[in-house]
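Hello,

Here is the structure for you to open. My notes follow below it.

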Amino acid sequence: MSWLDTSIMARKGVAKGRAGDRHTITIADQGKFHYVYGPYVQPVLEVDPGAVVTVETHDAFEGKITSESDKPSDILNFPFLNPQTGPIHVRGAEKGDALAVRIISITPRGAQPVGTTCLIPEFGGLVGTGNTAMLNAPLPEKVKKIVVDEGGVHWSDTLTLPYEPFIGTIGTSPEIEAISSLQPDYYGGNMDLPDVGPGAIIYLPVNTPGGYLYLGDCHAIQGDGELCGVALEIPATVELQIDLIKGHGNSWPQLETEEMMMFIGSARPLEDASRIAYRELVRWLAAETGQSEADAYMLLTMCGKVRLGNMVDPKYSVGASILKRYVK
């Protein structure tokens with residue numbers, strides 16, 4: 001038996017984790033990409049729970065940085081960054097439900113070198129920014145283009161890093177707000193959490209009818225924190241299976257893998273992001289096992305784990321997790 005057979009998606013999903021009809025969203029199908037998460041656009045696709053959708057995404061720069069001689073400040077038009085494919089409307093999704101999104105695969109798309117990383121003025125974890133204002137001059141701009149395939153990330157002639165792809169930005173629509181795709185929050189968004197990759201299921205709160213699933217900003221590899229503000233950005237082809245969980249009631253994104261359960265919080269300061277993630281995990285653990293929240297709290301102080309997503313966006317993201325073998 002696969003662990004997927006005992007996942008929340010299989011146990012509680014409308015489609016019981018079974019794959020349904022197949023759909024595709026190409027770059028041409030998408031047409032106009034979105035730079036905010038919100039309910040005020042027409043969905044590009046409407047599906048039933050269980051749908052398997054193959055989605056083409058742009059990189060975070062919408063492919064505008066094409067060579068190492070490019071200067072990002074001359075090319076990029078802030079805040080029009082992080083283009084999102086979607087939204088996908090899921091039939092039957094209502095406020096209080098959750099979309100269960102199983103990430104099946106992420107494949108680099110386009111002509112090599114498809115990977116882009118760079119230094120952008122006043123953006124990054126170790127420089128002055130608009131929020132952390134400094135008199136120091138910005139670092140010099142720099143672009144590095146990198147060949148990426150499923151065999152690895154070819155950093156140099158002597159170093160190949162592993163290909164560890166994930167979706168940097170994925171989420172549902174807020175109920176009333178239209179919020180920049182650069183920002184993470186309770187609906188998901190730009191969390192930049194490396195665990196949101198193939199083999200994981202992410203459960204996203206539904207805040208508006210249809211859920212309105214958006215995604216983009218795929219990364220080939222990223223260290224914890226997305227230190228310089230940019231990971232290894234790639235255009236990608238993503239295969240997803242989307243289910244619907246009625247009345248799931250989670251207020252923040254939840255992520256499940258074969259080995260662990262995680263909740264993701266986003267806030268400033270960083271401690272508050274950690275507190276949100278751990279609070280949600282405490283509440284879930286107590287409800288799942290029947291123990292008190294006090295006991296769940298004490299258990300997590302002994303075996304909880306924290307994963308830093310990003311420390312550079314308007315809000316920071318943290319995942320708090322527990323291994324499933326301790327959920328008894």
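Is D217 buried or exposed? D217 is buried, with a relative accessible area of 3% (buried means under 20% relative accessible area, exposed over 50%, partly exposed in between, with a 1.4 Å probe and protein chains only). D217 sits in strand β16, residues 213-219. Its phi is near 60°, a positive value in a residue other than glycine.

Before you read on: this is a predicted model, where local features need pLDDT of at least 70, side-chain atom pairs count only at pLDDT 80 or more, and totals for chains, interfaces and linings use all residues. Residues are numbered from 1 along each chain as its sequence is written, and side-chain values use heavy atoms, leaving out hydrogens and water.

N82 also has a positive phi, near 65°. N82 lies in the loop between α3 (72-75) and β5. Helices (H or I, at least four residues) and strands (E, at least two) are DSSP runs, numbered from the N terminus. N82 counts as buried, at 3% relative accessibility.

Now the sheet. Nine strands form an open, mixed sheet in the order β1-β4-β17-β6-β15-β18-β19-β21-β20. Two strands pair if DSSP finds at least two bridges between them. The edge strands, β1 (22-25) and β20 (305-308), each pair on one side only. β20 and β21 (residues 316-323) run antiparallel, joined by four bridges. R307 has its bridge partner, G319, in β21.

Last, two cis peptide bonds. One joins G86 and P87, with omega about 0°. P87 is in strand β5, residues 85-90. Another joins Q112 and P113, also with omega about 0°. P113 is in the loop between β6 (98-108) and β7 (115-119).

Best wishes
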